[in-house]
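User: I have a chain open and would like to talk through it with you. Can we start with the strands and then move on to the helices?
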Amino acid sequence: MTPFDIARSYNGTTEGPGPADNPVIMEMYASVGHDWVEHDSVAWCAAFVGHCLERAGIRSTRKLTARSYLDWGVPVEVVDAQQGDIGVIPRGSSSWQGHVFFIDRIEGAWVWGLGGNQDDAVNVKRYPVSKLLGVRRAGNVAPSVTMSVEEVQGRLKELGYHEVGQIDGKIGPRTRAAILAFRQDNDLALVPIIDVALTEALENTAPREIAPERASGAPAESRIVTASNAQIGLGVIGAAGSIGSQIAPALVEAEQARDMAGRVFTLIGLESWLSNTLPWVGAAVFIGVVVYALRAKAARIDDHRTGKTP
């Protein structure tokens, strides 16, 4: 079921009579993390919307303030509003007060909202469209955005936000982290969504600056660097041991060899060939390990200095 379908299933729910509390409404508070609320007389329009979202498997703001939904999801133009979108209007005399509901429909100058705490009940009520402070929709990409998710990911990587990870068209944890980092660097609202403000900034922003200390430094507590250093050390010791084991017998044989014929005979013997060659093969393997480890370490440090990795 969609959040709007769930909301409709509560149509007609009212606050408890007199001092009594309706347990259904009390459960709404608890479902968004406010089980401390003692009575259903506490404004519950945001609890109602949040409860319906959470039941549908969508994270709400988990706040009891209606205006918290002005930063939830993605913005939608009023003319593009659909049934099930969330609308927020002012209520009360304070700037933080408001009322939030699911949009049922918009007809002319009126928006019909399915909400809780509307005359102490869940029902459909109309409000002037002109009062809408904002319309929001679940998701990460605003309908008015022209850049695809892949294009946003690619542009973030071009600008130095390598934490975006793989360019796969999916908004996962790494892409959200890159979006938040870019937004913070460019004084945008800290919400992990792709909207017009984000895409315009992506198109007009210079690449991310790299701090001087990072550009000349090395990653702290890097497992790759630590492992590379260990491999380099073991490789050097192993190569030295293999070469040493070969050189010592060779010196002895050179002393013992009396003529060229004896040395040729030793070289063409299979057993002697293997005993002489294997140490060099082992040395070559150890040297290869050292070279590989050096390259891995250099690549990790370069990624750190260019901002590709933490």
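User: How many of the ten residues of strand 3 are buried?

Analyst: This is a predicted model, and in it strand 3, residues 98-107, is mostly covered, with seven of its ten residues buried.

User: Which way do strand 2 and strand 3 run, and how many bridges join them?

Analyst: Strand 2, which spans residues 86-90, runs antiparallel to strand 3, and five bridges join the two.

User: How many residues lie between strand 3 and strand 4 in the hairpin?

Analyst: Two residues separate strand 3 from strand 4 in that hairpin, and Gly108, in the turn, has a positive phi of about 60°.

User: Which residues other than glycine have a positive phi?

Analyst: Arg62 has a phi near 60°, and Asp120 has one near 65°. In general, most residues other than glycine have a negative phi.

User: Where are Arg62 and Asp120 placed?

Analyst: Arg62 sits in the loop between helix 3 and strand 1, whereas Asp120 belongs to the loop between strand 4 and strand 5. Arg62 counts as partly exposed because its relative accessibility is 35%, and Asp120, at 42% relative accessibility, counts as partly exposed too.

User: Switching to helices: at what angle do helix 2 and helix 3 cross?

Analyst: The axes of helix 2, residues 23-31, and helix 3, residues 45-55, cross at roughly 70° and come within 8 Å. Angles of 65 to 115 degrees count as roughly perpendicular, so helix 2 and helix 3 are described as roughly perpendicular to each other.

User: Which residues meet there, and how many are nonpolar?

Analyst: From helix 2, Glu27, Met28, Tyr29 and Ser31 meet Ala47, Phe48, His51 and Glu54 of helix 3. By class, that contact has four nonpolar, two polar and two charged residues.

User: Stepping back, how many helices and strands does the chain have, and what share of its residues is buried?

Analyst: The chain has ten helices and six strands, and 38% of its 310 residues count as buried. Its accessible surface comes to about 17500 Å², with 57% of that belonging to carbon and sulfur atoms.

Note on methods. Residues are numbered from 1 along each chain as its sequence is written. This is a predicted model: local features need pLDDT of at least 70, side-chain atom pairs count only at pLDDT 80 or more; totals for chains, interfaces and linings use all residues. Side-chain values use heavy atoms; hydrogens and water are left out. Helices (H or I, at least four residues) and strands (E, at least two) are DSSP runs, numbered from the N terminus. Buried means under 20% relative accessible area, exposed over 50%, partly exposed in between (1.4 Å probe, protein chains only). Accessible areas come from the Shrake-Rupley method with a 1.4 Å probe; for residues, only the protein chains shown count as cover. Two strands pair if DSSP finds at least two bridges between them. Axes are lines fitted to C-alpha atoms, for helices over the stretch in contact, and angles run from 0 to 180 degrees between N-to-C directions. Angles under 35 degrees count as roughly parallel, over 145 as roughly antiparallel, 65 to 115 as roughly perpendicular and the rest as oblique. Contact means heavy atoms within 4.5 Å. Ala, Val, Leu, Ile, Met, Phe, Trp, Tyr, Cys and Pro count as nonpolar, Asp, Glu, Lys and Arg as charged, and the others, Gly among them, as polar.
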